[in-house]
Amino acid sequence: MTKTAVYEALADTFVAEGVDTFFALMGDGNMHFCTALKNRPGVSMFHSRHEHAAVAMAMAYNSATGKVGVASTTCGPGFTQIMTALATAARGRVPLVVFAGEAPIGAKWYHQFIEQAPLALATGTHYISAHAPKRMHIHVREAFHIARYERRPVVIGVPYDVQKEAMPDIGAYAPSSTVVPQLDRLPPSPEKIDALVKKLIAAKAPVILAGKGVVKSGARKEVEELAERTGAILSNTLLARGLFDHNPFSINVSGGFARMVSRDVGAKADFVLSIGASMTYWTTDGGDMYRNAEIAQIDIEPLGLRHGAKVADIYLRADAKLSAQAMLDKLGAKPKTAATIRTPELADRIRDEPVDATNYNIEPGVLDPREVCAELDKVLDKDYDTICGSGHQSFFHTTMRGWDADKYHIMRDFGAIGSGLSYTVGVAAARQNGKVVIFEGDGSVLMHIQELETLQRHGLKCLIIVFNDGAYGSEIHKLRQEGIDDSGAIFGRPDFAGIARGFGLRGETITDVADFPRLFEEYKAGKQAMIWDVPISDKVVTPRMRTTLQKGHGVM
């Protein structure tokens, strides 16, 4: 009787965990497992051209579907390539399982050997050394349990030679769903609800700030109604961009990417009720956004200290939806409040005021990125998934309004550029509908330009809008501020349209925003991914960057 190999048994355990899609780059250490898993019925493998990209794709797949992201790399140099992605996943609390090969434990010497566990642990990732075939079921279940329950990345490291051993008969596999606690929503304390309602009623300039927790709990309607009854201004974190854009008293993104009108509201605020937001440094702009306000935080995992700063003055550990409904019940239909912040003049400013009115002398042949985004906001369909790259250009598109907060994806918890294109592949693989658009910078796209071939090979359709300033945008503005030579950060404007066509995709260079409507219709009518190469001025500095430069880069 032929024995089942360990790698075949491992593929079965991943299927039992509900894995239907994974991202990989094959090498000796994972080729048997990847082949076995991809050949299981109902499982799709997307083969990237770089290991970092494979893990970033898996992270994006989680963002788009809510399922555990799954990726695979080989041992040694294949594994060391994914440290940035693992660090980002750990900081972003992304449920992720990476199957990594390890050097064969039976070899007397192996040139790709490296101690992988310490590297993973340094990023905040959990590492499981799976060396005993009889414990493989336990290891896989532990990996998916930790990923799901603790919301963190996990690596299962299996030596190459152990994978080829015969799997012992250890019975049927029990997936992590049998041990992950199925918890009810956490109800709020009635006493805390009473106290928060009193604060809202007494505040003259209250702001209700919603995070991704509001989206996940389905509390959008209740939170908006709470603001309506109390006269509060609505705001949201970057992760929840677009949550209340339909509301005339929503100032949209809070923190570093806030508009001027939003900052003015923040300066006047006397009470901020944060719901489902972890209140990062970026959300409060280092404490500057609501510097005169008392802050209360409602979250299922409130933190007193985050990013070196006190988070709030009042804390309520509870579900966002239950808390908002409890406050509505306490308030009644027509409460009398002290709020005066909502005025017709403020609504006019929110609707009409330019995001940034700073005047720049735009050089011939290039576009103002603010004008680009204003026109894109009119042209692009709002039911698309949107991906935000990192770097200087990442501010401009966040001012666009009316997009679905449930379809917004970013990979920036470690502050690294270069992942946007890979993230787009992951979202496109999840959606399979072509309604995916990324806003990214030229330097970032070039870091993993090889993944255009992945898009072409797998037939994935997406729209890639490249803000091409011919430089590393953040660096040139920081260097210029200090009066230092910026030429080392300038590399010219690559022909991204030509590059796209070289990979067998579609590409256009756009020097007139009037071309956007026609080109968007062309994109929708075609079957392939498309790059829009948009040369932009390197003179336009985002409001966020201007603030950073005034404070001094790196000063928190």
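How many aromatic pairs does the count come to? The count is 14 aromatic pairs, where rings of Phe, Tyr and Trp (its six-membered ring) pair if their centres lie within 6.5 Å, and planes under 30 degrees apart are stacked, over 60 edge-to-face and the rest tilted. The model is predicted, with local features needing pLDDT of at least 70 and side-chain atom pairs counting only at pLDDT 80 or more, while totals for chains, interfaces and linings use all residues. Residues are numbered from 1 along each chain as its sequence is written, and side-chain values use heavy atoms, with hydrogens and water left out.

A pair of aromatic rings is described by the distance of the centres and the angle of the planes. Y281 and W282 form an edge-to-face pair, at 5.1 Å centre to centre and 85 degrees between the planes. Y281 is buried at 9% relative accessibility, whereas W282 is exposed at 51% (buried means under 20% relative accessible area, exposed over 50%, partly exposed in between, with a 1.4 Å probe and protein chains only). F395 and F396 have ring centres 5.9 Å apart and planes at 75 degrees, so this pair is edge-to-face. F395 is buried, with a relative accessible area of 3%, and F396 is buried, with a value of 3%. Elsewhere, ring pairs link F14, F33, F99 and F144 into a cluster.

A ring also takes part in a contact with a charge. The charged end of K461 sits over the ring of Y523, 4.7 Å from its centre; the rule asks for NZ of Lys or CZ of Arg within 6 Å of the ring centre and within 35 degrees of the ring normal.

The cysteines come next. The count comes to zero disulfides, a disulfide being a pair of cysteine sulfur atoms within 2.5 Å. C373 is in no disulfide, as the nearest cysteine sulfur, that of C388, is 10 Å away. From the side of C388, the closest cysteine sulfur is that of C373, and 10 Å is too far for a bond. C373 is buried at 1% relative accessible area, and C388 is buried at 3%.

The second largest pocket holds about 380 Å³ of space. It is lined by 19 residues, and the closest to its centre are E353, V355, A374, D377 and T399. Helix 15 (344-352) and helix 16 (369-379) are the elements that give two or more residues to this lining, and helix 16 provides the largest share, six residues. The lining divides into nine nonpolar, one polar and nine charged residues.

Note on methods: 1 Å grid on protein atoms, 1.4 Å probe; cavity = no way out; pocket = protein on both sides within 12 Å on 5 of 7 lines; lining within 4 Å. Points joined across faces, edges and corners; volume = space filled by probe spheres on them. Helix = DSSP H or I, 4+ residues; strand = E, 2+ residues; numbered from the N terminus. Nonpolar A, V, L, I, M, F, W, Y, C, P; charged D, E, K, R; others polar.
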